[in-house]
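Hello,

I am passing on the structure we spoke about.

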Amino acid sequence: MTTELLGLQHTQLIELCLQAGVKPVHAEKILASVFRYNNRDLASIKELPLQLSAYLAEHVSILQPQCTAKQQSEDGTRKLLLKMNDGKEVETVLIQGSGRLTQCISTQVGCAVGCTFCLTATAGLTRNLTAAEMVAQVMAGQEISHRNVRNLVLMGMGEPLHNYDEVAQFVRIAADPKGMAFSPNRITLSTSGMVPAIYRMMEDKLPCNLAVSLNATTDEVRNRVIPINRKYPMAELMQAVNDYIKARGNKRVLIEYVMLAGVNDSIEDAKRLCDLLAGLGCTINLLPFNPYPGAVYESPSDVTVTAFRDVLVTAKIIAVVRESRGRDISAACGQLKTEVARRRQSAT
Ligand code: SAH
Ligand code: SF4
């Protein structure tokens, strides 16, 4: 049995060095070479003692998922399909902002939450991804972009807080200044509202930002669109967001709000949203629904979206309408579903 190197934090790399009988300082060389410079060839790290190289060759493996498809959208968004060792495929998306790139990372194959507006939900959950499989997604993104990825968003396939331990391990690896060196301010974890796990993130001081997919302003509507709301209703969720903001020294939380025509996009909804967010240090992203074949919802009109946003802005809430990126390659929010993407690709 070998140990998967990409899933190890600095402290675990130090343990590895000690087991190999060499000084812990060599862990930093592995961090820099593998995690920062994407080098998978351990034998090529010249400064490592022979004893350590021999130990690594025998006891350690490095995941290298095969990239089975690459697609590029008209707007520059790129989607990679990565095949893991068991044949399961996951998607990761590179979104070009002004300057550096944002990479959207998948945390599970599928998802068990079952939101009624989300394509990923339709196939249910296949399995959790490991921290190493998330690190491998970032390495693939860095390779294709010549190390230009600056922001990570855990908004791909899956509910990150249903896979807490592996996701937490991944976030710590990504934020290690001696390794991948992503600023914690540039890592954002998005959840559909797993209240106990939000408290766990708080206690663990997980080095990342929190985003919460609110998507409704009443429990009645939220129960319909995000079934987990029956377990963790809105009052509990908003309390958790409030507590999180306080515990993190008034750090802003991102609220995501998928706008579904005729369901949650009225002016009354906008006003209720203002009340819910009043006094909270939040920024809100409005995500007009991205349609897909068979979807039961529709996108609101631009006029509706603008009127909704204006209510929030008038109440001094920072509200941004997220234009959908990569729609033509089904890489936009909620459209990350391997089978569908493949069928589409093979049809073209
Ligand atoms: N499971 C996590 C993260 C992945 S989903 C979560 O739900 O937060 C990332 C974002 O995409 C969420 O805010 C979700 O509400 C949104 N989303 C899902 N399907 C969508 C769709 N069809 N159109 C627009 N946004 C969608
Ligand atoms: Fe899962 Fe998020 Fe999709 Fe809901 S929106 S089914 S939590 S991936």
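**Salt bridges and other charged groups**

Arg309 and Asp310 form a salt bridge, with their closest N and O atoms 3.3 Å apart. Arg309 is partly exposed at 28% relative accessible area, and Asp310 is also partly exposed, at 35%. Please keep in mind that this is a predicted model.

Across the whole structure, a search finds 9 salt bridges. One of them joins Asp165 to Arg200, where the closest N and O atoms are 2.8 Å apart. Asp165 belongs to helix H5 and Arg200 to helix H6 (residues 195-204), so this pair ties together parts that lie 35 residues apart in sequence. Arg200 is partly exposed, with 35% relative accessibility.

Glu220 counts as exposed at 51% relative accessibility, while Arg224 is partly exposed at 45%.

Glu159 sits in the loop between strand E9 (149-154) and H5, and its side chain reaches the backbone nitrogen of Leu161 at 3.0 Å.

Finally, Arg100, Arg147, Arg150 and Arg186 form a positive surface patch. Of these, Arg186 is in the loop between H5 (164-175) and strand E10 (187-191) and is partly exposed, at 32% relative accessible area.

Regards

Definitions and conventions
Residues numbered from 1 in each chain as written. Chains lettered and ligands numbered in written order. Predicted model: local features only at pLDDT ≥ 70, side-chain atom pairs only at ≥ 80, totals over all residues. Heavy atoms only, no water. Patch = residues over 30% accessible without salt bridge, like charges linked within 9 Å, V, L, I, M, F, W, Y side chains within 5 Å. Areas by Shrake-Rupley, 256 points an atom, 1.4 Å probe, with all protein chains shown as cover. Salt bridge = Lys/Arg side-chain N within 4 Å of Asp/Glu carboxyl O. Lys, Arg positive; Asp, Glu negative; His and termini not counted. Charge placed at Lys NZ, Arg CZ, Asp CG, Glu CD. Helix = DSSP H or I, 4+ residues; strand = E, 2+ residues; numbered from the N terminus. Buried < 20%, exposed > 50% of the residue type's maximum accessible area, 1.4 Å probe, protein only. Polar contact = N/O pair within 3.5 Å; in protein donor to acceptor, adjacent residues only side chain to side chain.
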